[in-house]
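Here is a short report to read beside the sequence and the structure.

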Amino acid sequence: MFPRPIAQTTVAKRALYQIALPIALVIWLFPLLGVALTSLRPASDLASGNYFGMPSAIAWWNYLDVFRNTDMERYIFNSFKVTIPTVIGTLVLSTMTGFALGIYKFKGNILIFFMFVAGNFVPFQILMVPVRDLTAGMGLYNTTTGLALFHIAFQTGFCTLFMRNFISALPRELIEAARVEGVAEWQIFWYIVLPLMRPAIAALSVLIFTFIWNDFFWATVLTTSASTQPVTAGLSSLNGQWIAAWHLVSAGSIIAAMPPVLMFFLMQKHFIAGLTLGAVK
Amino acid sequence: MAVAAALPEKRSRSWWAQNQQTLTPWLFLAPGMAMFALYVIWPIFASFRLSFYDYDGLGKEVWLGLDNYRELWSDPAFVTSLKNNVIWLVMYMLAVPAGLGIAIFLNQTVRGIRIYKSLFFFPFVISQVVVGLMFAWFYAPNFGLLYKLIEMVTGKGIAVLADPNLATYGIIVAGLWPQIAYCMILYLTGLNNVAPDQVEAARLDGAKGLRMLWYVILPQLRPATFIAVVVTVIGALRSFDLVSIMTNGGPFGSTRVLSYYMYEKALSEYGFRMGYGAAIAVVLFAIMMIFISGFITKMIRDERGVR
């Protein structure tokens, strides 16, 4: 193990490490802690310049105010309307592409695979104008459907990479044995491969959920009104309206960050398994 | 009669049985490839084409030839954006060693370490919009925490985001925060898989500290380093959210980057010059291509090595 386990060192070093850990964490999360505290401060504290002292009260009503005075619940609902169909659509498409590229040897396999991989690295701006025109042409500009359709297509690139690598690591004997038994190819997919892909599906659903929930660029390009904007774009326009109302900005930020944060803490193992794909041989 | 009716069906089934191994992959690929071609592959070519035209999104496209590209080189805002992209790329690379540093710090087995690891990773889970707002608050003039700290030390606070010489760096620091967290998690996973016998053998030979890290650990972390570099380069070139949230490209356009400037030209209130925007996007794409082709070459080589 590297570095040397702290348990093998002196008592003094161990104690030092135990003290250093929380200090380092507080420094690391400083901006977050600051915002969390500000979100609970009454507006009067901010007006009188009490930014860092003891708050005069715990203003949990800031959170209520955000919902009462803005379209926050609408924004959050829109985010779910984009995120959930994207997760489902991407998983359907990429389990299929991953299966095709991971199991079968055919001409063009590697080429198609790397087309998905390379597309995934492309800067968004080179897609922006054509995708906007395309979405408008289908009558889906400024709708959550239009936004979700684009996300499904784009995320399929990344998910294909993931799924294909996962599937080609499965034992080939399983598939060969099934073929000898005369099992049809689609049945191999449905009854043999799909059940084995559960961990990959779990990892990708948390990852895609987080990526799409946090997307800002496409939300600004493809949606324009409060009735369709997801929470990232909504928060950005609220930020423009709430000049110097930092208690509300903070509370709004925390609300917007909640769903992916909950997702992460509930599904941590899968999340990290997905992110670190390929980080070990 | 019954036999005759059954025959063609049997023949068609056997035709399918003969060809199903060649046809199945294409049937499975079709929906995904169609979506990807429509929304990702085709738009790349469409943008290339558009970059030779004058187009406002509604009216007629007018052929310009290379005029958009000629204009770029004499456009000071474009030059600033390009320069800032280089600064982003160079500064962003700090995320890789910083992530490795934190990973080494946290790679212990004391009580509660798992919670520490997830809390250190936390910034990556939050939207960049929220990260941008947090750092804007952190830097805010007169009451921001950093402003106050500097004021306490030097007697005069600095409004980072209002200073054209500092604003870009201020935004990059905000971007580094989640990026370091990402690199950290990659390295934590890598460290977890370092061969313990090699470490022990090196330790018996008297290797420790930096020498151990350089000669024994880092070679084993190569896959993690590769991915960390890839995601960091892409992250640096994709920087749009933070610039948009924290400064809108200001003050005086000093924090523009190509991705933001392209959006500004093509879609924002500065006008709908989509052809010119497409030309900016093509330049950004070309820069990204230099890196992508490098990454893909390496991935293909690894792929061949495995099989």
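## Confidence

What is the mean pLDDT of chain B, and what share of its residues reach 70 or more? This is a predicted model. The mean for chain B is 89. Of its residues, 94% reach 70 or more.

Residues 1–7 of chain B stay under 50 in pLDDT. For that stretch, the model has zero contacts beyond four places in sequence. For the complex, the predictor gives an ipTM of 0.91 and a pTM of 0.91.

## Helix 3 of chain B

Helix 3 of chain B covers residues 76–92, which is 17 residues. At 1.5 Å a residue, it should span 24 Å. Its end C-alpha atoms are 24 Å apart, so expectation and model agree.

Which residues of this helix are buried? They are Phe78(B), Thr80(B), Ser81(B), Asn84(B), Asn85(B), Trp88(B) and Tyr92(B). Down the axis of helix 3 of chain B, the buried residues fall within an arc of 155°, so they line one face. In an α-helix there are 3.6 residues a turn, so residues three or four places apart point the same way. The face of helix 3 turned away from the buried side carries exposed residues: Pro76(B), Val79(B), Val86(B) and Val90(B).

## Interface with chain A

Chain B puts 79 residues in contact with 77 residues of chain A. Helix 1 of chain B, residues 2–50, gives the most to chain B's side, with 20 residues. By class, that side of chain B has 60 nonpolar, 17 polar and two charged residues.

How values were computed:
Residues numbered from 1 in each chain as written. Chains lettered and ligands numbered in written order. Predicted model: local features only at pLDDT ≥ 70, side-chain atom pairs only at ≥ 80, totals over all residues. Helix = DSSP H or I, 4+ residues; strand = E, 2+ residues; numbered from the N terminus. Expected span 1.5 Å × (residues − 1). Buried ≥ 20, exposed ≤ 12 C-beta atoms within 10 Å, placed from the backbone. Arc of directions from axis to C-beta. Contact = placed C-beta atoms within 7 Å. Nonpolar A, V, L, I, M, F, W, Y, C, P; charged D, E, K, R; others polar. pLDDT = per-residue confidence, 0-100.
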